[in-house]
Protein chains: 2
Amino acid sequence: MAKEKKTFDLKEYPFPTEEIPRLNIDNPETEKRIAAGLPVVITDSGLVRSALHWDLDYLQGNIGDGKFTVYKSKNKKFQYFDDKKVDTFKDFEKPMEHLDLTFPEFVKKLKTAKPGKDKVYLQQALNEGVGKRIVADFLGFNWSWVTEQQKKNKFGALTSNLLLIGMEGNVTPAHYDEQENFFAQIRGYKRFILFHPDQFKCMYPYPTYHPCDRQSQVDFDNPDYKRFPKFKDVKGYETVVGPGDVLFLPMYWWHQVESLPDHGHTISVTFWYKAGPIGNVVYPLSPQQKVSMMRNLEKMIHQALNNTDEIPEFMQNMVLGRYTDPPA
Amino acid sequence: MAKEKKTFDLKEYPFPTEEIPRLNIDNPETEKRIAAGLPVVITDSGLVRSALHWDLDYLQGNIGDGKFTVYKSKNKKFQYFDDKKVDTFKDFEKPMEHLDLTFPEFVKKLKTAKPGKDKVYLQQALNEGVGKRIVADFLGFNWSWVTEQQKKNKFGALTSNLLLIGMEGNVTPAHYDEQENFFAQIRGYKRFILFHPDQFKCMYPYPTYHPCDRQSQVDFDNPDYKRFPKFKDVKGYETVVGPGDVLFLPMYWWHQVESLPDHGHTISVTFWYKAGPIGNVVYPLSPQQKVSMMRNLEKMIHQALNNTDEIPEFMQNMVLGRYTDPPA
Ligand SMILES: [Zn+2]
Ligand SMILES: [Zn+2]
């Protein structure tokens, strides 16, 4: 929505960003960027063409009677956390509440929410429970194009299509995912702020054993530069996607996602693909490979020590004064 | 030499030390300490009883015509470095010079050295090249006792007996070894300053890929507390060994070794044993096990990155701001 973007009143952050290119699906640069692992907003892909008519009423009538994963947040932020890691991490306060609601229950919460009060965000994988018409819409996605991309770029299997329905102003704070993602926008406008994997050092992700693994510890609204000094140097990319747009969001790229305030709720569907095979190792290792390596090392340390309390000191002893200053 | 120790004029260091116990070989506490992996000065062991008559003339006449490893230092410090790691570490200045000398050449250098000038230190494994009388002396060591200790404590194989001949005032700066050691003193007096493996955090060893791997970066004569703040908290143990004394020096214990000034040259022989089998893992891991784990992790990182220049930043990115402050 490059042309429209100037009309959006976007919150300012204390770091510079470049615009993510918006390219037509037929532009040869589009596939070049995907092949290079670079983000791009793809227009006219028709990826979710059969779902562009989705709205809350239609979904409520056709999506089925099951329960849906809905998060509730006291502020506008929906920071993901891993339920499996909560128990091992004492004193952890869940940043949002997990609810299992029927679709009508969710819609009611969304429609009756008052400004400044609790917000809700539906995040549910599309699965067998949906009604016939949704199945037909799903089958009408542009699978031939997205599957061609999967093959050309040697992505692994499609793992899930997540349906996201967010209230205006909802923010998913900066994090990275371990999968490739085609993010398709259906309704409303989402601002994406992205950072290259080489900005890891500026983003200070939580320890891997922490429930907020993969999430930045930095509060973008109030950065603690003392704890996170390199956040001062961070450089990002951004865009706003609207109905019909598809953002290619490469694995390990940091992203904060904001449903624009004052533009109504948002509906999106993700296409998540597993990482492809590693291929030959070429030196120097890529930032992505280094992130993967760090994650594995941290997990090994966690497993070997068998006690999360001992991890920080162990890591500090290994590094502080030893790898923080060039040895004489 | 506990009784004599008061007559030694020992240099003072800015950290407290406790005396290492001196125990007779027949004292049941002696074996308890060895079994517990704690240092102890063992008296009356007779470990090198057949070598107590060794002096420079006798050795010169019987040790053989081969070449001996001799280090030369412009100051009194003989900091070990790994020749194999020198090439990968640019700008490394060797802290001492490696010479290959005949025994008479070494003795001449030792006898003609002038105060304040270059010092020399012979460090040569006893091997087949020695003459008949040295072989006989070697066979007269108290092998039954030391082999009994090896078996009782499940040490691995004897790897070497290093003959050490140092000038008075020679200092081997603080480092740890990856083997168990019975250190037998034959002539002169050596001061040992030891630190428990749990003092790793205070000692700031060089990175494993550095030629001075296993050596502390801290200059005991002039500690840089800004780079190495925890050295302020270090607590040590010490002793002075004289002829006939044997120090049990457990694996991973830090040690600085000083041939006392104004007491003539020193002659010593080490009995180095490989680490025993690991046995069942019991939590929490011991400081020794953590040091071993750190070493393996650092080596893996070195190997994976394939470039020593990238290691410090990688380590910093993994730890700084992520494991240095408790996550909120
Ligand atoms: Zn994400
Ligand atoms: Zn040593």
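Donors here are N, O and S atoms within 2.8 Å of the metal (3.2 Å for Na, K and Ca), and water is not among the atoms, so sites may look incomplete. With that in hand, the zinc ion (ligand 1) is coordinated by A:His175 (NE2), A:Asp177 (OD) and A:His255 (NE2), at 2.1 Å. This is a predicted model, where local features need pLDDT of at least 70 and side-chain atom pairs count only at pLDDT 80 or more, while totals for chains, interfaces and linings use all residues; side-chain values use heavy atoms, with hydrogens and water left out. Residues are numbered from 1 along each chain as its sequence is written, and chains are lettered from A and ligands numbered from 1 in the order in which they are written.

**Zinc sites**
- Along the chain, the donors of ligand 1 are spaced H-x1-D-x77-H.
- Both A:His175 and A:Asp177 are buried (under 20% relative accessible area; exposed is over 50%, partly exposed in between; 1.4 Å probe, protein chains only).
- Over in chain B, the zinc ion (ligand 2) has B:His175 (NE2), B:Asp177 (OD) and B:His255 (NE2) as its protein donors, 2.1 Å away.
- The spacing for ligand 2 reads H-x1-D-x77-H, and B:His175 and B:Asp177 are buried.

**The sheet in chain B**
- Five strands make an open sheet in the order β1-β12-β11-β14-β9, with mixed pairing (two strands pair if DSSP finds at least two bridges between them).
- Strands are DSSP runs of E, at least two residues, and helices are runs of H or I, at least four, numbered from the N terminus.
- At the edges sit β1 (17-19) and β9 (171-175) of chain B, each pairing on one side only.
- β9(B) runs antiparallel to β14 (residues 254-259) of chain B, joined by three bridges.
- Across that pairing, B:His175 stands opposite B:His255, and both of these residues are donors to ligand 2.

**Strand β11 in chain A**
- All six residues of β11 (190-195) are buried.
- A:Lys190, A:Phe192 and A:Leu194 point one way from β11(A), while A:Arg191, A:Ile193 and A:Phe195 point the other way.
- Five bridges tie β11(A) to β12 (residues 236-241) of chain A in the antiparallel sense, with A:Ile193 opposite A:Glu238.
- β11(A) is also antiparallel to β14 (residues 254-259) of chain A, over six bridges, and there A:Arg191 faces A:Glu258.

**Annotation**
- UniProt, in an unreviewed entry, lists "domain: JmjC" at residues 117-290 of chain A; its positions are given in the numbering used here, feature names are shortened, and annotations may be inferred rather than shown by experiment.
- That stretch is 15% helix and 33% strand, with its end C-alpha atoms 41 Å apart.
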